[in-house]
Amino acid sequence: MIDLPPEAWEALSLSLRVSVVATLVSLPLALWVAHLLARGRFRGRGLLDAVVHLPLVLPPVVTGYALLLLFSRGGPLGAVLEPLGLGVAFRWTGAVIAAAIMAFPLVVRAIRLAIEAVDPKLEEAAATLGASPLRIWRTVTLPMIAPGILAGVTIGFAKAFGEFGATITFVASIPGETRTLPSAIYAFLQVPGAEAPLRGLVGVAVAVAILAVLVSNWLAPRVAARIAGR
Amino acid sequence: MLDLAIRRGTGDFTLSASLTVGSGVTAVFGPSGAGKTTLARCIAGLARPDAGHITVDGEQVFGPGVDLPAYRRDIGYVFQDARLFPHLTVRANLLYGAAAGVSPDAVAEMLDIAPLLSRRPSGLSGGEAARVAIGRALLRAPRLLILDEPLAALDQRLRGQILPYLERVRDGGIPILYISHAIEEVARLATTLVLMKAGQVTHVGPVGDILSDPEIATRLGPSQAGALLEGVVIGHGDGLAAVDTQVGRLHVAGVEGAEGTRVRIRVRAEDVIVATEAPQGLSALNILPARVVAVHRGQGPGAMVRLAAGDGSLLARITQRSVARLDLTPDRPVWAIIKTSGVGRIDVGG
């Protein structure tokens, strides 16, 4: 096993938790927004598209600062959440929010492309066979877009796992609470003579990223084959 | 069974149709762009008319304040492209719309797709996919089945192979709306014929009457026109079948059924020759006494002559010059000569 100080393992486990929760929490919303963008015909669709893409084009520190303004004790959301004990500023849940928001455009994009590739004629055929819109979605649309969802989850997880700028701006780098793996790497960088744990953490980051891509690449053709019926 | 009056405008095209038809097979026939598919989609709930009403089997599915979604109309639809679900097996496709506990075996048997049940749609041929699509719609047990050119994507040979299956579906009793621009399919399957042109319904009536109407025949195109005869096979010999029809006994090739089988035979107007005297020493086997009913002169050198023979009627396409030379006027007794080979394989159905 790699020889790492306990705070490095702590950062790794926190990062895994943050990125898994961020991915799972944002998935239902990403599905819904991807649907709206792929199929919706409404006023303001272009605006929604732009807002969803915002975290991708803004400097992460700006996104982090915006979150800070929203969720701090004096911010519009923080003022509601903090008294209820649900505050997220400087907590690991805040890191989840930052990671989810940064990953969101990538997840939406992958799922949206998959939805746009679904032939609406098949859904039409299902309707003439008596299937309600919900059943059509469950039995036709969802199986067809499964590879796209998988791709979105993978890239979303990887993005959340590597998120740094918005996270450190929003929730700082509190060991055991908000010091994720990238924050820990940054912290070790500041300390002279910490090359060994630093290299170890970098190695872990690379390994997790490669593993995520490998798992996704292994799953994707199997899901696709199941759907195409080969 | 089906009663509608709808209007739907999109861009330059306006569909404006009213129609009342009973059970059996109603064929909607017309050139591409006549609005046949739009009409079918409005009935099925896949397109919305601007105004009007649609009543199926006594229930209003569209009307003022009423617009049942497609999945609640209980109308089956077989599309030109089979639209099978690629992620499901043939069996799961067949059962997709079926009630719980229904077995696909009887329908699979009828359509000869039983050996395909465990396959996936991606491995099926066009003809197999078309039959699975028909079976899938049938297993839903709809109160009306719309077949929207289900054979259009298939080649001539495959069409000939699938038509007998469609005849079995027809004989199953579900009312069918059959969209087509192939007169052979219409002639074989339909009870009622609806003609459409430029978004309008122009004629509705029994298929035999419409196909042998000289006025309409010139519009269908000279090679499409012809009489539709119903007959009973009374014997076979030399590769020919003797069939008793309304116009008399005909000897035709390509009829397979055993003695007593009811068949439909379409005699193209082009394949009927008219003589004013009993012909002698002629190779044609079918020579029937007839009487001129009407002569319809179209554009060009051709003319359509409607003949009464026996209890039925025939249509003959000859030149206007012949009409003048033979002095073909109504009530004139003549002989109708039909070449055996004039009855093509596809024009004979059970």
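## A strand pair in chain B

B:Val272 has B:Ile338 as its bridge partner in E20(B). This is a predicted model, in which local features need pLDDT of at least 70, side-chain atom pairs count only at pLDDT 80 or more, and totals for chains, interfaces and linings use all residues. Residues are numbered from 1 along each chain as its sequence is written, while chains are lettered from A and ligands numbered from 1 in the order in which they are written.

E16(B) and strand E20 (residues 333–338) of chain B run antiparallel and are joined by four bridges. Strands (E, at least two residues) and helices (H or I, at least four) are DSSP runs, numbered from the N terminus.

## The sheet around it

These strands belong to an open sheet of five with antiparallel pairing, in the order E16-E20-E17-E18-E19 (chain B); strands pair if DSSP finds at least two bridges between them. Strand E16 (272–275) and strand E19 (312–319) of chain B are at the edges with a single partner strand each, so one side of each has no neighbour in the sheet.

## Over to chain A

Chain A has ten helices and zero strands. Of its 230 residues, 40% count as buried (20 or more other C-beta atoms within 10 Å of the residue's own, with C-beta atoms placed from the backbone).

## One side of helix H3

In H3(A), the buried residues are A:Pro60, A:Thr63, A:Gly64, A:Leu67, A:Leu68 and A:Phe71. Why do they lie on the same side of H3(A)? They cover an arc of only 140° around the axis, taken from the directions from the helix axis to the C-beta atoms.

How values were computed. A residue is buried if 20 or more other C-beta atoms lie within 10 Å of its own, exposed if 12 or fewer, and partly exposed in between; C-beta atoms are placed from the backbone.
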